[in-house]
Amino acid sequence: MASAVRAEGARHPILEVRDATHRFGDVLALDRVSITAAQGEFLTILGESGSGKTTLLRIVSGLEKPSELESLRIAGQDVARVPASDRNCTTVFQHYALFPHMSVGENVEYGLKVRGVALVERRRRATEALALVRLGDKFDRRVHQLSGGERQRVALARALVTRPAILLLDEPLGALDEKLRQDMQVELLDLHRKLGLTFVYITHSQEEALTMSDRIILMRRGRIVQEGTPANIFERPATRFVADFMGMENLIPARFEGLEDGFAVARVGAHRVRGNWCGVEQAASGDQVHVGVRAERVRFAVSGDEGHPNQITCRQGQTVYKGKYVDQGAETELGTISARIWDHGLDPARITHLWWRTEDCVIVPD
Amino acid sequence: MSEGALSAAAAVAPDRVTATASFWRALSAWRGWAAIAKWLGLVVLILTYVPLMWLAVMSFSGRPLSGIPYPLTLDHYASLLGDARWVEPFITSFVMGLIVAGACMVVATMVGRSIPRMRRPGGVLLIALTPLFVPGLTMGAALFIFIRTYLELRLGAWSIFVGHLVWALPFALLMVLVIATRFDHRLLEAAEDLGAKRWRRFWDIEFPIMRPAIIGAGLFGFLLSFNELLRSIFLRGSETTMPIFNWIMAASHQSQVPIIFSLATIVLAVTLPLMGGFFWVLFTRLDRS
């Protein structure tokens, strides 16, 4: 299904940015970045602060004028020289940017008011949009009477009411607390499914990106470092940076040795580790690489239970109780390896070996 | 280290250190401060309101200069109504106040919203607000010499207007800047994102949010112009404003003084509600936004 959307999108993308470059003074915020989004896609642009993701979004909305731009098309129309007010996309800002002197309803209907929609009609549509975000009864409230989550939903309704071709969301859940954020994630996904609208979503949270997206574009220092489905980016990070950013706990420096039965082999000290090669280009023997394995994929064994792939002797390290699971450190010849244990019955003092499946291990270029 | 230094100092003159410290502590703990503050405040309030009320009461007195309210009479108000000489200055001042208020609102809004957008607003701000500290006599004389002697123009209502505007604008600007500097420019981006063009963004977003400050700027402009004497004396040409009229009347014949009493009372009755309205706007409306 997702791949069908992408194939369709490649032919008729609703959003197409080609070679956008932006400088703030001497700082290169965006370095020839190109992205496309398919009609109805949930595209997430992921990156830490300063990666250029917000700049990219502001270029799409028109609020930032790029230093250089090859082309920018929204729904087939070239909008590179069209001001933000005339572009067929709206933004949900992280800081909400609700108009403090207007009621909730007036905020929501503002986009229709500037378009000259008659009062009765725009009241009706604003009420509809508010109902969509479950605030149907809050039309006459003042903005400052609302909670953070409600303000976020008003901002969402205000952006949706004009029926844009693309909805841009700039870290919309950043200011909410943990519980509310998770509820809003579900709500956003629900809205996306219901409306069939294209979402371009900015976040620094890999968890948010993985949960919500059809496709993720990971940015760093003004460039795209990897793009793909959540599973693709999570399971097959193309570089050490991506692996680290996507929360891979164990990253061990190693030397590339070669390929064996379709798996890459890397040498760490005296050990040979096998895993999936994830780099874009093939490495040469002797190249500096990293062996990566997630804590939850590391398994423990006790003496007598041996013969597993990627097996290393270890002794018990630091144990951190986390409630649902235990973060168990293990001292090995490769250094400290963290493992996540969900099975509370295991006695860490009895551990003698750890291992991981070859499929669960990645080998990535530096 | 600091502990060492402290104990060393204590070792040198332990008695003096403790004595000085305990003196200041005792001084700041003295209960009398609250009483002094209360009485000083009361004295200032009495000095402000008693003369005002006295003036109002005396405007109804048959012998206002005697300081005795009796016999009560409306004679002064009647003679004020019968005397047409004050009407023209009053109208001049009132209209002048309105025009200065309007000019203050427009200019202070335009300048006030531009200053926070500047990269380095410090210098402009300083220059724009310095007239607050220029004495009225100096400013009046300077403008007089500049306009009359150097430009060789005829003085009149327009030059009074210039003097009043120069005087009132920094206050009005200050008023607008209080809100303009706190104005969240991201709101304008949100409006632009929703489809509003430049003019629309100003009228729909910026203007309503700044409105209390703009009204305040206008009220300030009116009051400062309506009360202005020092600059008007220099710049009046042959015009007479209300304060000039009052001043001339009070300075010349004693027989006119009762009229001044009633006139001042009327002026008070006009300006006090205006001021009240202004502060209501300032504290009630501004707080809400």
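Predicted model: local features only at pLDDT ≥ 70, side-chain atom pairs only at ≥ 80, totals over all residues.
Residues are numbered from 1 along each chain as its sequence is written, and side-chain values use heavy atoms, with hydrogens and water left out.

In chain A, an open sheet of 6 strands runs in the order S6-S7-S8-S3-S9-S10 with mixed pairing, where strands are DSSP runs (E, at least two residues) and two strands pair if DSSP finds at least two bridges between them. Its edge strands, each pairing on one side only, are S6 (89–92) and S10 (223–228) of chain A. Strand S3 (residues 42–46) and strand S8 (residues 198–203) of chain A pair in the parallel sense over 5 bridges, and Thr44(A) has Tyr201(A) as its bridge partner in S8(A).

| Domain of chain A | Residues |
|---|---|
| domain 1 | 2–235 |
| domain 2 | 240–365 |

The C-alpha centres of domain 1 and domain 2 of chain A lie 38 Å apart. Between these two domains there is 1 salt bridge, a term for a side-chain nitrogen of Lys or Arg within 4 Å of a carboxyl oxygen of Asp or Glu. Arg297(A) forms a salt bridge with Glu235(A), and their closest N and O atoms are 3.3 Å apart.

Terms used
Chains lettered and ligands numbered in written order. Helix = DSSP H or I, 4+ residues; strand = E, 2+ residues; numbered from the N terminus. Domains from an automatic or database assignment.
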